[in-house]
Amino acid sequence: MPGCALPNTPLAGALPGINACVHCGFCLQSCPTYLNLEDENDSPRGRIFLMRSLLEGTVKPDDASVQLHIDQCLGCRACEPVCPSGVPYGQLLEATRATLYEYRPTPFIARLILFVFAREWLLRPAMFFSRALAATPIPTLLSGIKGRLGFAMAMLASTGRSIERSNYKPVTRGERGTVATLRGCVMEGLFSTTNRATERVLTVNGYSIVGAPGQKCCGALHAHAGHLEDARALARRNIVAFERSGATFIAVNAAGCGAIMKEYGHLLKDDPEWHQRAVNLSARVRDVSELLAAAGPREGGPLPVKVTYDAPCHLIHAQRVNEAPLSVLTAIPGLELVPLHDFDQCCGSAGIYNLIEPDTSDAVLAPKLANIRDTRASWVATGNPGCLMQIGAGLIRAEISARAIHPVDLLDASYAAFGQ
Amino acid sequence: MVAERLAEIVGPAHVLSRQSELLVYNSDGLPGYRRQPRLAVFPGTRDEAIAVVRFLAAERLPFVPRGAGTGLSGGALADDIVVVGLHRLKKIISLDVENRRATVEPGVVNLRLNKHVAPHGLLYAPDPSSEAACTIGGNVAENAGGPHCLKYGVTLNHVLAMTVVLPSGEIVELGSKVGERDGYDLRGAFIGSEGCFGLALEITVKLTPKPQAVRTLLADFTSVDKAAHVTSAIIASGIVPAALEFMDGATIRVVEDSIYAAGYPRDAEAILLIELDGLEAGVVADQETVRRICLDGGARQVRVARDDAERMKLWQGRKKAFGAMGRLAPHLIVQDAVIPRTKLPEILATIHAVSEKYSVMVCNVFHAGDGNLHPNIAYSADDPAESERVHKAMVEIMQACIAAGGSITGEHGVGLDKLGYMESIFSETSLNAMCELRGVFDPERRSNPGKVVPVHACKEWHGIPGSAKSRGAREASPLEAEPSRPIAR
Ligand SMILES: Cc1cc2nc3c(=O)[nH]c(=O)nc-3n(C[C@H](O)[C@H](O)[C@H](O)COP(=O)(O)OP(=O)(O)OC[C@H]3O[C@@H](n4cnc5c(N)ncnc54)[C@H](O)[C@@H]3O)c2cc1C
Ligand code: SF4
Ligand code: SF4
């Protein structure tokens, strides 16, 4: 490009990825914001064109409409697996947000959340408070009120609705190697039952669990918002913690966290001291369903429930993990798996997007809820905390009786029914 | 003021007037060309679309219809005028399984229509490679073709009737849903009119029953020349394949590098993708004949897809080939010449010679069965010397096609890109006749002005009153008008 308008920015570094776009339009129909907002500015091709225009200088980084359309992107990356030219859209988006970050403030609520997530001394009490609140009837009572507060309450209320199961003690021969799990801020804060279930089902399937003390937030939310330095700082801490654990695999049960951890190599590509370590670490990261599928998984006791599966974007599009979660579900005797129409479409959660862009988020969620209702399933399985809460809250507010659940919890309940 | 009035019709969210928001509408699938629109308006219902056109007529404002913007001739570009985007009109209005027809709004995406009718054992035959993105309205305007049009015919052969809003706001029905029409059948005039005759608002298409049997063959060759001769031999044998597609070695390798990798042999210099369909017995016989012709003509191997999944994979690779070329170089340019099939070996040799002469990389992927070539050149527009060579190479290739008795566009349309070639293949009389025909639909020349027929040949529109740009009566003449030179994008 002759004369770059934004030299030495993350966006300028992303030019080769932008250049790979041939403007063919194959990504348009995969994009939830394009389908809902019906404007090419809100399509992958359009956003890539805006990025190019920023570099060409035909549009300025402080332009309000450019910021709007970049903000409105869900970062779901549904545009990536359909692109014949291999445009790394997720990376372009992060680079753009990091570049625009200089020119305008991140919305207050987003800044607050990111600030808290990067600091353990704030995150712990915040999660403690959320957990305590979730244990009271308050969220359920307030979940019906209009607006974001009601939605946030419904999100909290949805976290307390997992499947009942009895205790069992898993035994392992550990033949499949050692595993350290990412505890995750939201997972450990609000879905600790799922975290324990993750450890149990991995154990049943021949993995032995080792600790990784010192691990932090994965940094995904920061990276998506363009706060790349914060994300890098968190990544370095995690690299140290997981290297020290010596585990063969790092198991992640939150798709969004798994996706960024698999991309630590890219995140730290310009840091000579850390790059190779990051690449090595990324190579050991697995979604929990991948480890389970590799082991079978072992069959458990009968669980006669009707379940449908919704693929988290960061699992199916970013990590390209398609089959493994289905193998987990089909390994459960008695479980009836019914297909969900558009199961690969975003639910509108997208990290903290549902709190910052509520209207678009709601518009994207609405067809998802209708499709779930049509399946008449009693559970919607999905492996990401954001999706669990977004869909869970939507179901509560739309008074649909289905509940959202992590696939691992269903497998765990099946093992519990078996007594192991 | 115009924007406000339009916003009253379609709602403020669906009118764009800021320069920065209009940027993404400045190009189509061939972004070497850019034209900045003045305004964009996206009606959400049929009534809104009619109201928009009537308002523009009352104000005498020129406009350009736009579908999905996948066109490859710059047809949907609006030079300082209004874009009327039809992508929000995406309802499948009715499906009549018994009589095998469907009525759709223009913004319905081609593949979506096909997915909708598939459960009924039906298909909509025209299958442009862009089917996953392009709209039926855009297909009508460009008379789009696709691999399977060799046997089944192009869009024109599959549209029964249309409701059209003329640029004056008047509504006319063209063709007939039920068969013959009294009076003139003007379908053929409208289909392929590239947005210059008004908006297609409702389109009734013919659906085709799925064939009983389908076989997809992949023949691979160590030379382009052998594959070209085999193409001619298959056609000469009297068999009409459902599709007969050609890809050269460079194309094979970019596809194999992409997520649409189809398992094509990387070391081949050419492959033919041949589909045969019809009744089981006939297909089996044809398959054997075609296999023999390929092997006799020097094919290394002829593979038959085992199942639907493998067939789909072979086709996806072909259909995503253009997109996959983005990995070669930042910019891409493609031509769309049609040549007599017997000249295929000769022209491919010429293309090869030209590419060597200008040291540019040409990827050939095209509808061999109907002689519709698509030479693609990937290059960097930031390098002026390279751009110059690419430009010269393309002109030379086009001239060779014209000299071989070919035409300048098979399916992508003239648009802006091929305007400069029009006078080298049409006489003044023909061009005048085209202008007169246009005058019947759009006497004020307000719908997609400045496209298809060179401005000076047609005493075209001279700009919006008060517009920043108003065009001179005469543009540069044909081939020196730099027909396919892209602006750095
Ligand atoms: C990767 C790729 C592969 C392609 N493969 C093929 C192929 O195999 N065969 C083929 O024929 N083409 C192909 N094309 C070209 C293109 O997809 C077709 O020309 C298609 O018909 C354009 O549809 P669209 O909706 O994108 O129209 P646009 O590009 O938006 O518009 C094209 C023209 O149609 C007019 N128009 C659009 N909608 C209407 C309407 N409702 N009423 C009146 N005028 C209208 C516009 O004014 C413009 O002149 C390909 C393009 C790409 C990018
Ligand atoms: S599919 Fe890929 S190359 Fe095509 S427009 Fe979208 S991002 Fe660009
Ligand atoms: S990440 Fe999702 S929302 Fe953003 S452009 Fe891609 S498909 Fe659209």
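**Figure 1. Accessible surface of chain A.** Chain A exposes about 15,900 Å², and 57% of this area is supplied by carbon and sulfur atoms. The model shown is predicted. Of the 420 residues of chain A, 61% count as buried.

**Figure 2. Dimensions of chain A.** Taken along the principal axes, the C-alpha atoms of chain A fill a box of roughly 65 × 50 × 40 Å. The radius of gyration of chain A is 21 Å, which agrees with the value near 22 Å that a compact globule of 420 residues would have.

**Figure 3. Secondary structure and contacts of chain A.** The secondary structure of chain A comprises 24 helices and 8 strands. Among the contacts in chain A with a separation of 6 or more, 78% are between residues 24 or more positions apart.

**Figure 4. Nonpolar patch on the surface of chain A.** Five side chains are shown: A:Ile138, A:Leu141, A:Leu142, A:Ile145 and A:Leu149 form the patch. Together these residues have about 440 Å² of accessible area. Helix H9 of chain A, residues 138–142, gives the most to the patch, with 3 residues.

**Figure 5. A:Leu142 in helix H9.** A:Leu142 lies in helix H9 of chain A and is one of the residues that form the nonpolar patch. The relative accessibility of A:Leu142 is 31%, so this residue counts as partly exposed. Partly exposed covers the range between buried, under 20% relative accessible area, and exposed, over 50%.

Technical notes
Residues are numbered from 1 along each chain as its sequence is written. Chains are lettered from A and ligands numbered from 1 in the order in which they are written. This is a predicted model: local features need pLDDT of at least 70, side-chain atom pairs count only at pLDDT 80 or more; totals for chains, interfaces and linings use all residues. Side-chain values use heavy atoms; hydrogens and water are left out. Patches are made of residues with over 30% relative accessible area and no salt bridge: like charges are joined within 9 Å, nonpolar side chains (Val, Leu, Ile, Met, Phe, Trp, Tyr) within 5 Å. Accessible areas come from the Shrake-Rupley method with a 1.4 Å probe; for residues, only the protein chains shown count as cover. A salt bridge is a side-chain nitrogen of Lys or Arg within 4 Å of a carboxyl oxygen of Asp or Glu. Helices (H or I, at least four residues) and strands (E, at least two) are DSSP runs, numbered from the N terminus. Buried means under 20% relative accessible area, exposed over 50%, partly exposed in between (1.4 Å probe, protein chains only). The radius of gyration is taken over C-alpha atoms; the globule rule is 2.2 Å times the number of residues to the power 0.38. Contact means heavy atoms within 4.5 Å.
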